[in-house]
Amino acid sequence: MIRVLIADDHHVVRRGLMFFLKTQKDMDIVGEATNGKEAVEMTTSLQPDVVLMDLVMPEMDGIQATKRIKATYPEIQILMLTSFSDRDHVIPALNAGAAGYQLKDIEPDDLAEAIRALMRGENTLHPEATSQLQKAHEVRTLSAHEEHPLTPREQDVLAELTKGKSNREIASSLFVTEKTVKTHISNIFAKLKVQDRTQAALYAVKHGLTEPSGQ
């Protein structure tokens with residue numbers, strides 16, 4: 001069972017999420033938080049697998065709550081569920097440690113699959129969030145030729161990962177096995193000193209590595 005904590009200051013939103021997620025046979029709703037401070041406290045006491053985190057809440061916002069949770073419990077996955085899709089919200093949320101970023105207009109079944117994707121170690125970004133990462137890449141001030149420790153093949157894998165592709169999709173695109181992809185991703189994490197796919201994607205955007213190496 002995937003243990004889920006819902007953090008949102010709107011009662012109607014929490015009720016709607018509760019109603020739907022309770023129908024998922026592999027999910028257990030362990031609690032509801034009405035603000036970021038409660039989310040941090042309830043995470044400590046309930047130890048959920050995934051926190052559905054609203055972005056704008058009283059007392060403590062979702063970004064600050066995410067930072068506090070990830071600092072103590074890095075294994076807990078945070079899925080930001082919000083109405084904001086602009087870069088000023090997307091990038092700080094991902095930098096804070098959120099492994100996923102979805103908008104509240106997401107289809108219920110897609111939300112359930114996004115939660116499962118987090119548990120598989122995959123990043124899950126709404127197309128608008130992905131678009132904002134691409135825009136950040138376009139206006140970056142760092143040189144695209146800045147030295148980085150990745151091999152050309154690892155850069156190819158990173159470019160595909162940044163598009164939100166699963167290991168299977170990356171393997172198919174690059175004509176390699178899933179085992180090879182997993183090895184490359186482990187090497188990428190170690191070399192870039194990142195902990196997950198979302199942080200790796202942010203690194204790729206910042207350093208202009210969102211395109212294949214061409215080698």
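Where is Gln47 found? Gln47 lies in the loop between α2 and β3, helices (H or I, at least four residues) and strands (E, at least two) being DSSP runs numbered from the N terminus. The phi of Gln47 is near 50 degrees, a positive value in a residue other than glycine. With a relative accessible area of 33%, Gln47 is partly exposed; buried means under 20% relative accessible area, exposed over 50%, and partly exposed in between (1.4 Å probe, protein chains only).

The model is predicted, so that local features need pLDDT of at least 70 and side-chain atom pairs count only at pLDDT 80 or more, whereas totals for chains, interfaces and linings use all residues. Residues are numbered from 1 along each chain as its sequence is written, and side-chain values use heavy atoms, with hydrogens and water left out.

The protein chain contains 10 helices and six strands. Of its 215 residues, 52% count as buried. The chain exposes about 10500 Å², of which carbon and sulfur atoms supply 51%; accessible areas come from the Shrake-Rupley method with a 1.4 Å probe, and for residues only the protein chains shown count as cover. Among contacts (heavy atoms within 4.5 Å) between residues at least 6 apart in sequence, 67% join residues at least 24 apart.

The six strands form an open sheet in the order β2-β1-β3-β4-β5-β6, with parallel pairing; two strands pair if DSSP finds at least two bridges between them. The edge strands, β2 and β6 (124-125), each pair on one side only. Within the sheet, β1 and β3 run parallel and are joined by four bridges, and Ile6 has Leu52 in β3 as its bridge partner. Four bridges also connect β3 with β4 in the parallel sense, where Val50 stands opposite Gln77 of β4. The pairing of β4 with β5 is likewise parallel, over four bridges, and Met80 stands opposite Tyr101 in β5. Helix α1 (residues 11-21) packs on the sheet and touches β1, β2, β3 and β4, its direction making about 165 degrees with that of β2. Helix α2 also packs on the sheet, touching β1, β2 and β3, and its direction makes about 135 degrees with that of β2. For these angles, axes are lines fitted to C-alpha atoms, for helices over the stretch in contact, and the values run from 0 to 180 degrees between N-to-C directions.

The side chains of β3 divide between two directions: Val50 and Leu52 point one way and Val51 and Met53 the other, and all are buried. Val51 and Met53 belong to the largest nonpolar core, of 29 residues, and together with Ala7, Ile78, Met80 and Tyr101 they touch the most other members. A nonpolar core is here a set of buried Ala, Val, Leu, Ile, Met, Phe, Trp, Tyr and Cys residues joined through side-chain atoms within 4.5 Å. Two or more residues are given to this core by each of β1 (2-7), β2 (27-33), α2 (36-46), β3 (50-53), α3 (62-72), β4 (77-82), α4 and β5 (100-103). The largest share, four residues, comes from α4. Apart from this core lies another, of 20 residues, among them Leu21, Met27, Ile29 and Ile115. Not counting residues up to four places away in sequence, Ile78 touches Val51, Met53, Thr66, Ile69, Lys70, Ala98, Ala99, Gly100 and Leu118. In α4 (residues 87-96), the buried residues are Val90, Ile91, Ala93, Leu94 and Ala96. This helix is followed by Gly97, whose phi is positive, near 125 degrees.

Asp54 is located in the loop between β3 and α3 and, at 4% relative accessibility, counts as buried. Leaving aside neighbours within four places in sequence, Asp54 is in contact with Ala7, Asp8, Asp9, Gly62, Met80, Leu81, Thr82 and Lys104. The UniProt annotation "modified residue: 4-aspartylphosphate", from an unreviewed entry, covers Asp54; UniProt positions are given in the numbering used here, feature names are shortened, and annotations may be inferred rather than shown by experiment.

Gly164, in the loop between α7 (152-162) and α8 (167-174), is partly exposed, with a relative accessible area of 39%. Gly164 and Thr124 are 40 residues apart in sequence and 6.7 Å apart in space, C-alpha to C-alpha. Lys193, in the loop between α9 (178-192) and α10 (197-206), counts as exposed at 73% relative accessibility, and its phi is near 60 degrees, a positive value in a residue other than glycine.
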